[in-house]
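Trainee: Please take a close look at one part of this model, the aromatic pairing, and place it in its surroundings.

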Amino acid sequence: MLVRRLYEEHGKSILAYAIRLTGDRSVAEDVVQETLIRAWRHGADTSGQSVGRAWLFMVVRDVVAERTRETVQVHAGHSMDSMQVLQAMDSLSPERRAVLADVYIHGSSVGEAAEKLGIPPDTVKSRTYNALKSLRKLLGERERADGLVVHTT
């Protein structure tokens with residue numbers, strides 16, 4: 001009952017605010033949902049007054065800030081993984097590195113990479129396989145040496 005009333009009274013305005021903060025309607029809808037869940041959990045404050053508009057806007061802001069912090073932490077982890085992969089790629093032969101760059105970075109198909117590199121498609125496949133095998137080994141060794149957790153699957 002409380003959530004329905006809050007949504008009917010404030011849903012449009014807190015959604016608009018969340019969209020302004022996030023720039024994404026889908027994310028903003030999730031933020032509004034989390035805000036209403038928190039309002040339901042909160043119920044009434046210590047003075048006995050029901051949850052108000054200002055409180056809802058504050059919660060929307062807090063939820064967006066929490067999501068932003070989580071996103072930054074995840075991105076930082078992915079950036080570190082990417083840096084480690086790029087460093088490991090430097091140890092590959094130029095031929096294997098070129099194949100991986102075409103297939104994984106530039107998104108070329110095996111046939112496109114073969115044509116671009118002037119090699120048979122089967123060579124692209126074998127170089128890709130062997131390059132990935134080498135990267136897994138290199139990254140596994142770095143993980144053990146640095147105590148880092150690197151996912152290579």
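**The aromatic pair in context**

Mentor: Of the contacts in the protein with a separation of 6 or more, 59% are accounted for by residues 24 or more positions apart; contact means heavy atoms within 4.5 Å. This is a predicted model, in which local features need pLDDT of at least 70 and side-chain atom pairs count only at pLDDT 80 or more, while totals for chains, interfaces and linings use all residues. Residues are numbered from 1 along each chain as its sequence is written, and side-chain values use heavy atoms, with hydrogens and water left out.

The protein has six helices and zero strands (DSSP runs numbered from the N terminus, helices being H or I with at least four residues and strands E with at least two). One aromatic pair is present (ring centres of Phe, Tyr or Trp, the last by its six-membered ring, within 6.5 Å; planes under 30 degrees apart are stacked, over 60 edge-to-face, the rest tilted). The ring centres of Tyr17 and Phe57 are 5.0 Å apart and the planes stand at 50°, so this pair is tilted. Because Tyr17 belongs to helix H1 (residues 2-22) and Phe57 to helix H3 (residues 53-90), the pair ties together parts 40 residues apart in sequence.

Both Tyr17 and Phe57 are buried (under 20% relative accessible area, with exposed over 50% and partly exposed in between, for a 1.4 Å probe and protein chains only). Across the 153 residues of the protein, buried ones make up 26%.

H1 also touches helix H2 (residues 25-42). Residues on the H1 side include Ile14, Leu15, Ala18 and Ile19, and among those on the H2 side are Val31, Val32, Leu36 and Trp40.

Terms used: Axes are lines fitted to C-alpha atoms, for helices over the stretch in contact, and angles run from 0 to 180 degrees between N-to-C directions.
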